[in-house]
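The sequence and structure follow.

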Amino acid sequence: MSESSKAKLIPEHVKVLILGAGPAGLSAALYVARAELEPVVLTGLQLGGQVSLTNTIENYPGFPEGVGGVELGELFQKQAERFGARVQFDSAQSVDLSTRPFKIVTDDAEYLADTLIISTGASPNLLNIPGETNLTGRGVSYCATCDGWFFKDKKVVVVGGGDSALEEGLFLTRYATSVTIIHRRDGFRAGAILQKRAQDNPKIKVIWNTAVTDVIGVEKVESIKIKNIKTNDIDSFKTDGLFIFVGHTPNTQMFANQLEMENGYIKVNHRGHTSVPGVFAAGESADSWFKQVITSAGMGAAAAMEATRFLEQETV
Ligand code: NAP
């Protein structure tokens, strides 16, 4: 939409605007919708949030056999919509939290919101090494569920030592002939169950105390350079793919200087209130610690209940 046509838009006034449609945003939408406050949810670019990039979720209660990430996201959305939530495929470009109603400008519209629930989640970190960006989509990936299929009968490397690295590494063994996990320390951060599964999988090998320093390839990834952190020995390692799982950064840049933050995460109290009355935050944009589907969903529900109470108190 051009700037001139955007300027002619009449902003839509909503009681509750929710930014982000991951587990936190859609759980918030469910609660707000059931309070008959007709929430609008802006999905951002990643419909379903990070959960939709995960192959199987085994630790969300109610699904004893596990549930697909995309499927869970769709179920969350369907349930919220059943009670009247409106989910829009649109991204906020700027927010003004200096006065109420808060003003939110998106790709396609403008909103005035009496309350705002921020559930913008987090994005995968890059290694920031030569070749990484050039070869993204050509062998470098941050999502095994999305790209694993392209590595059928190929060799892949996974970087990282957390739950994501091991879970995604295990998923990649469905396709790849070998999965080499390269980790910068000599112990994983991942949980015990995943460690045991990785250890027991004959396709998985681990290289400890090692950093990936370069990605080499012209049209696609051909090899990587690795460096042993203890000995400083440098080596070349042939691989068809490099999957990077080295943590996440919260998507909160838009709120800098408007909300109190801590290490990039939005500061909230135990009830999801941010430093601006009427603005609430939930999920990974405000949680540097748990980062689970269930904790994000719980935070979303809590923020929604508080937003509802906030509006009720104003009308008394
Ligand atoms: P994480 O737990 O923060 O782990 C990141 C890993 O990347 C760590 O092993 C870290 O090494 C390594 N790392 C960080 N920066 C690096 C760099 N520049 N170069 C090389 N390695 C680097 O991130 P995550 O695995 O994405 O998990 C995030 C959260 O989601 C966690 O709370 C996790 O429990 C949760 N999660 C849960 C599940 C599940 O329960 N099924 C699945 C996925 C994620 P060090 O260990 O040396 O710091």
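The buried residues of helix α5 pack against α4 (144-147), β11 (155-159), β12 (178-182), α6 (192-200), β13 (204-207) and β17 (241-244). Contact here and below means heavy atoms within 4.5 Å. Helices (H or I, at least four residues) and strands (E, at least two) are DSSP runs, numbered from the N terminus. The model is a predicted one, in which local features need pLDDT of at least 70 and side-chain atom pairs count only at pLDDT 80 or more, whereas totals for chains, interfaces and linings use all residues. Residues are numbered from 1 along each chain as its sequence is written, and side-chain values use heavy atoms, with hydrogens and water left out.

Helix α5 spans residues 163-172, and because seven of its 10 residues are buried, it is largely enclosed by the rest of the structure. These buried residues are A165, L166, E168, G169, L170, F171 and L172. Buried means under 20% relative accessible area, exposed means over 50%, and partly exposed lies in between (1.4 Å probe, protein chains only).

**Domains**

The chain is divided into domain 1 (3-124 + 248-315) and domain 2 (140-244), with bounds that come from an automatic or database domain assignment. Their C-alpha centres lie 33 Å apart. Seven residues of domain 1 and 10 residues of domain 2 take part in the contact. The size of an interface is often given as the accessible area lost when the parts come together. Between them, domain 1 and domain 2 bury about 600 Å², of which 48% is on carbon and sulfur atoms; buried area is the accessible area (1.4 Å probe) that two parts lose on being put together, summed over both.

**Packing of α2 and α7**

Two packed helices are described by the angle between their axes and the distance between the axes. Helix α2 (residues 23-34) packs with helix α7 (residues 293-315) at an angle of about 35 degrees, and their axes are 7 Å apart. Axes are lines fitted to C-alpha atoms, for helices over the stretch in contact, and angles run from 0 to 180 degrees between N-to-C directions. The crossing of α2 past α7 is right-handed, that is, the near helix is turned clockwise from the far one by less than a right angle. On the α2 side the contact is made by P23, A24, S27, A28, Y31 and V32, and on the α7 side by V293, S296, A297, G300, A301, A304 and M305. By class, 10 of the residues in this contact are nonpolar, three are polar and none is charged. Ala, Val, Leu, Ile, Met, Phe, Trp, Tyr, Cys and Pro count as nonpolar, Asp, Glu, Lys and Arg as charged, and the others, Gly among them, as polar.

Within α2, S27 counts as buried at 9% relative accessibility. Not counting residues up to four places away in sequence, S27 touches A297, G300 and A301. The C-alpha atoms of S27 and A165 are separated by 27 Å, and these residues are 138 residues apart along the chain.

**Further buried positions**

A80 belongs to helix α3 (residues 69-82) and is buried at 0% relative accessibility. Apart from residues up to four places away in sequence, A80 touches L26, A29, L30, A33 and A85. A21 lies in the loop between β1 (12-19) and α2 and is buried, with a relative accessible area of 2%. With neighbours within four places in sequence left aside, A21 is in contact with L26, V41, L42, T43, G48 and G49.

C143 is placed in the loop between β10 (140-141) and α4, and is buried with a relative accessible area of 6%. Its contacts, neighbours within four places in sequence aside, are L53, G148, E168, F243 and F245.

| Pair | Apart in sequence | Apart in space |
|---|---|---|
| A80 and A33 | 47 residues | 6.8 Å |
| A21 and G121 | 100 residues | 8.9 Å |
| C143 and Q50 | 93 residues | 9.7 Å |

**Backbone features in loops**

The peptide bond from R100 to P101 is cis, with omega near -5 degrees; P101 is found in the loop between β6 (92-96) and β7 (102-106). N209, although not a glycine, has a positive phi of about 50 degrees. N209 lies in the loop between β13 and β14 (210-216) and is buried at 16% relative accessibility. N257, also not a glycine, has a positive phi of about 70 degrees. N257 is in the loop between β18 (248-250) and β19 (261-262) and is exposed, with a relative accessible area of 81%.
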